[in-house]
Amino acid sequence: MVLATILGDAGSLLLAAVAFAVLFYLLYALAHPERF
Amino acid sequence: MTAGGWLEIGLFLAILTALTPVVGGYLARVFGGEVAFLGFAERPLYRLMGVDPEHGQDWRGYARSVLIFSAGSFLLLYAILRTQGLQPGGPGAPPPNLSFNTAVSFVTNTNWQYYAGETTMTALTQMAGLAVQNFASAAVGIAVVIAVIRGLVARSGRELGVFFVDAARAILYVLLPLSLLLAAFFVTQGVAQSTHLPVASQEAIKLLGTNGGGFFNVNSAFPFENPTWLSNFVQMLAILAIPAGLTATYGRMAGNRRQGWAVFAAMLSLFVVAVAALYAAESATTPAMHAAGVVGPNMEGKEQRFGIASSALYAAVTTAASCGAVNAAMESLSGLGGAVPMAQMMTGEVIFGGVGSGLYGMLLFVLLAVFVAGLMVGRTPELLGKKIEAREIKLTVLATIAVPLVVLFSSAVAIATKHGRASISASGPQGFSETLYAYVSQGNNNGSAFAGYTGFLQPHGTNRGAVGLDLANYLGGAAMLAGRFLPIVLVLAIAGALAGKRVSPAGPGTLRTDTPTFVVMLVAVVLIVALLTFVPALLLGPVVQGLSGRLF
């Protein structure tokens with residue numbers, strides 16, 4: 001039940017996941033400029 | 001304006017300047033590993049987390065740790081908020097969109113609050129959820145700036161330190177002890193502190209960590225948070241103590257204290273102009289008051305017990321730092337008075353700024369000033385003996401324009417869409433200012449608000465049946481995340497690039513960065529780069545309001 005409550009709205013978590021994914025990608029791109 | 005008012009402002013500036021080397025010296029000793037009176041708690045903590053304090057991280061590892069720690073913090077706080085309904089006797093769980101905005105807000109050190117603490121959060125959520133992030137997010141800011149300084153001054157190697165160790169030391173040796181002392185002091189002044197109303201404890205870290213999220217909706221205007229003139233004065237000092245002190249830490253770590261004082265002088269001169277403008281604007285009778293036949297200073301939305309000077313100074317302090325605690329209604333400031341907090345935030349929160357974030361933001365402008373000055377007088381751009389080359393300048397430009405872009409884009413979306421306009425309560429230029437302030441504040445991680453801007457409706461005074469507005473919560477949350485972590489990743493990349501560079505001794509071709517000339521140059525670069533970006537937006541909102549005889 002606790003998990004269902006937290007996940008009640010997947011949109012919030014999805015947005016946070018996308019935001020952090022973009023940040024990690026930026027970090028990767030900056031760390032490996034030769035691949036871009 | 002009164003002599004007493006100027007005296008208070010002068011006294012504040014004098015004490016702040018005197019505190020700077022004291023706080024800065026202590027911070028330098030803490031992060032230099034010279035302070036170890038809590039070693040018995042530190043070592044088991046590192047073992048538990050599997051961290052080796054002797055094994056430094058390069059900038060990639062450091063940035064990765066910051067992001068992982070912050071993402072974890074977000075999930076933890078979001079879970080606490082969403083399960084608040086399981087806590088007995090509380091107001092129920094806040095809706096998902098508000099929980100998202102609030103969790104992001106506290107993890108990014110913004111502490112933007114669409115909600116009222118007393119009707120939305122339980123004491124347990126405030127203590128175990130929000131206050132914990134007040135410590136954690138402030139520690140992240142301090143750790144990042146220390147890593148950046150290490151990169152700037154490194155003589156060899158690429159290591160910037162260990163994120164977890166820096167963050168833990170920031171909490172154990174700086175934030176926790178100072179918060180304990182400050183909370184005890186607040187209790188002597190009459191700030192509430194009990195298990196049902198844990199206000200003083202939250203108040204202390206709210207200010208020291210430049211967080212700003214109040215226990216009560218009206219924040220430090222409420223006597224339970226801020227009862228006396230002295231508590232008010234100490235609150236303002238607590239907000240700026242660490243951001244100002246860090247400039248001295250920079251000077252000490254750079255081995256030349258004048259470097260720190262130069263950055264401090266640039267921040268202080270911008271701050272003095274802001275305070276004077278705000279105090280003058282609020283002391284005058286506004287055009288709208290003239291039209292209504294009222295003469296006198298603008299006391300709307302201000303506490304009688306604080307008056308104009310203490311309210312204007314607090315408003316200037318809280319928006320210079322990325323704190324966002326308030327002791328007066330920001331939306332009730334006169335048109336031009338309201339432009340001052342916005343302008344300070346629009347510099348990217350570098351006028352002292354947030355703990356850590358203010359200094360690393362200002363160091364970006366230092367790099368830019370060195371580069372521009374170098375071009376102007378034909379000298380090699382160098383900082384602390386390290387050559388500034390193409391990669392660093394590209395990253396610096398990205399980092400300085402990222403946040404203004406986020407702010408302008410989100411303000412535009414919010415003002416141009418039906419869902420965005422649902423949050424506005426005033427009309428005309430004031431309605432525009434509400435929107436602009438909301439995204440300037442969230443994008444720059446300040447957290448103060450023109451409170452007419454709404455993202456959360458509570459028809460029954462509890463979370464049952466309450467509705468969060470999607471666009472306001474999600475767009476604001478995204479602006480806070482981008483405004484916090486884009487600059488962090490970029491500034492760490494710059495520190496990483498500089499860490500590996502050779503230090504060349506200063507020669508006749510070196511542009512010195514510890515002189516009054518450079519301070520003037522730095523101030524000019526901040527004003528030109530940061531503020532000119534926003535002048536059209538300022539004209540549409542606060543300036544029109546300030547010139548108008550109508551109330552909106």
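**Entry 1. Surroundings of B:Asn463**

I looked up the contacts of B:Asn463 (contact means heavy atoms within 4.5 Å). Leaving aside neighbours within four places in sequence, I list B:Gln84, B:Pro91, B:Gly92, B:Ala93, B:Pro94, B:Thr119, B:Thr120, B:Phe456 and B:Gln458 as its partners. I place B:Asn463 in the loop between β3 (456-457) and β4 (467-468) of chain B; helices (H or I, at least four residues) and strands (E, at least two) are DSSP runs, numbered from the N terminus. The side chain of B:Asn463 reaches the backbone oxygen of B:Gly92 at 2.8 Å. B:Asn463 has a relative accessible area of 6% and is therefore buried (buried means under 20% relative accessible area, exposed over 50%, partly exposed in between, with a 1.4 Å probe and protein chains only).

**Entry 2. Basis of the values**

I note that this is a predicted model, in which local features need pLDDT of at least 70 and side-chain atom pairs count only at pLDDT 80 or more, while totals for chains, interfaces and linings use all residues. Residues are numbered from 1 along each chain as its sequence is written, chains are lettered from A and ligands numbered from 1 in the order in which they are written, and side-chain values use heavy atoms, with hydrogens and water left out.

**Entry 3. Salt bridges**

I applied the rule for a salt bridge (a side-chain nitrogen of Lys or Arg within 4 Å of a carboxyl oxygen of Asp or Glu). Over all chains the structure holds 11 salt bridges.

B:Arg150 and B:Asp166 meet through their side chains at 2.9 Å, N to O, in one of these. The pair links distant parts of the chain, with B:Arg150 in helix α6 (residues 123-153) and B:Asp166 in helix α7 (residues 163-189) of chain B, 16 residues apart. I find B:Arg150 buried at 17% relative accessibility, and B:Asp166 buried at 3%.

B:Lys501 pairs with B:Glu392 in a salt bridge, the closest N and O atoms being 2.5 Å apart. Here 109 residues separate B:Lys501, in the loop between α18 (470-499) and α19 (516-547) of chain B, from B:Glu392 in helix α15 (residues 390-416) of chain B. B:Lys501 is buried at 14% relative accessible area, and B:Glu392 is buried at 3%.

For the salt bridge of B:Arg305 with B:Glu303, the closest N and O atoms are 2.5 Å apart. I record B:Arg305 as partly exposed at 33% relative accessibility and B:Glu303 as partly exposed at 22%. I also find B:Glu203, B:Lys206 and B:Glu225 linked in a network of salt bridges.

**Entry 4. Helix α12 of chain B**

I checked the span of α12 (residues 307-320) of chain B: its 14 residues reach 20 Å from first C-alpha to last, close to the 20 Å expected at 1.5 Å a residue (the expected span is 1.5 Å times one less than the number of residues). Because 14 of its 14 residues are buried, α12(B) is largely enclosed by the rest of the structure.

**Entry 5. Interface of chains A and B**

I count 19 residues of chain A in contact with 27 residues of chain B. The two chains bury about 2,100 Å² between them, 83% of it on carbon and sulfur atoms (buried area is the accessible area, 1.4 Å probe, that two parts lose on being put together, summed over both). A:Phe20, A:Leu27 and A:Leu30 supply 28% of the area that chain A buries against chain B, more than any other three residues. The count of salt bridges between chain A and chain B is zero.

Definitions and conventions:
Polar contact = N/O pair within 3.5 Å; in protein donor to acceptor, adjacent residues only side chain to side chain.
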